[in-house]
Amino acid sequence: MSRIPLLHQYVEAACKRLFDLYQSASTSSTLLPDLLPIAMKEIGIVCEELQIALKELNQQTQKISDTQTEVQAERRRYQHLFQLSPDAYLILDQEGNIQEINRATATLLNLPQSFLVGKSFFCLVANEDRALLKEKLAQLAHQPCVELSLSVSRYPTAFFDAEGATIGQSAG
């Protein structure tokens with residue numbers, strides 16, 4: 001539960017009282033007898049609330065940091081599983097450009113991973129299957145995954161049939 005709204009009320013009240021105290025001090029040689037103790041008490045409350053709020057913010061910051069560390073560890077773990085999978089996987093953007101590719105796919109295509117990332121997957125698909133790939137990529141806007149069969153180039157010249165291949169939307 002956030003203490004920020006309560007802290008905001010305390011700060012507003014203390015600031016008003018402090019403003020009244022300053023105004024009274026500058027216009028009169030005598031302070032209103034009740035004003036100083038009330039202002040001091042409110043300033044004390046604001047200080048206590050600020051300390052509590054800071055403690056809560058530090059705890060929340062630590063939780064966020066811990067969560068971020070966990071997420072990064074999970075991402076590394078899944079990236080490792082993606083890379084070492086015996087099945088060929090590649091991640092395309094909506095235009096058909098290769099975002100990520102695992103080792104099995106690079107081996108299957110007989111090209112280095114570093115060469116393939118950022119390249120258009122259409123360049124690796126047989127001319128007669130490019131329209132089908134474009135159509136299937138467009139379908140991903142309306143459904144999470146689609147199946148297709150197409151001929152893919154195995155560098156330098158051979159093609160192989162990728163029967164029953166599935167393309168889907170990336171989770172991230």
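**Core and surroundings of a predicted chain**

The largest nonpolar core here brings together 19 residues, and F121, L124, L133 and V152 have the most contacts inside it. Strand 2 (98-101), helix 5 (130-139), strand 3 and strand 4 (158-168) each put in at least two residues. Strand 3 supplies the largest share of this core, with four residues. Keep in mind that this is a predicted model.

**Overall layout**
- You'll find five helices and four strands in the chain.
- Reading from the N terminus, the order of elements is α-α-β-β-α-α-α-β-β.
- Among contacts in the chain with a separation of 6 or more, 36% link residues 24 or more positions apart.

**Burial and surface**
- The chain has 172 residues, and 24% of them count as buried.
- Its accessible surface is about 12300 Å², with 58% of that belonging to carbon and sulfur atoms.

- Setting aside neighbours within four places in sequence, F121 touches L90, L92, G96, N97, I98, L133 and V152.
- Two of those partners, L133 and V152, are also listed with F121 among the residues with the most contacts inside the core.

**S151 in strand 3**
- S151 sits in strand 3, which spans residues 145-154.
- S151 counts as buried because its relative accessible area is 14%, and the cut-off for buried is under 20%.
- Beyond its neighbours within four places in sequence, S151 is in contact with L124, V125, A126, D129, F159, F160 and D161.
- One of these partners, L124, is among the residues with the most contacts inside the core.

Definitions and conventions. Residues numbered from 1 in each chain as written. Predicted model: local features only at pLDDT ≥ 70, side-chain atom pairs only at ≥ 80, totals over all residues. Heavy atoms only, no water. Buried < 20%, exposed > 50% of the residue type's maximum accessible area, 1.4 Å probe, protein only. Contact = heavy atoms within 4.5 Å. Core = buried A, V, L, I, M, F, W, Y, C linked by side-chain atoms within 4.5 Å. Areas by Shrake-Rupley, 256 points an atom, 1.4 Å probe, with all protein chains shown as cover.
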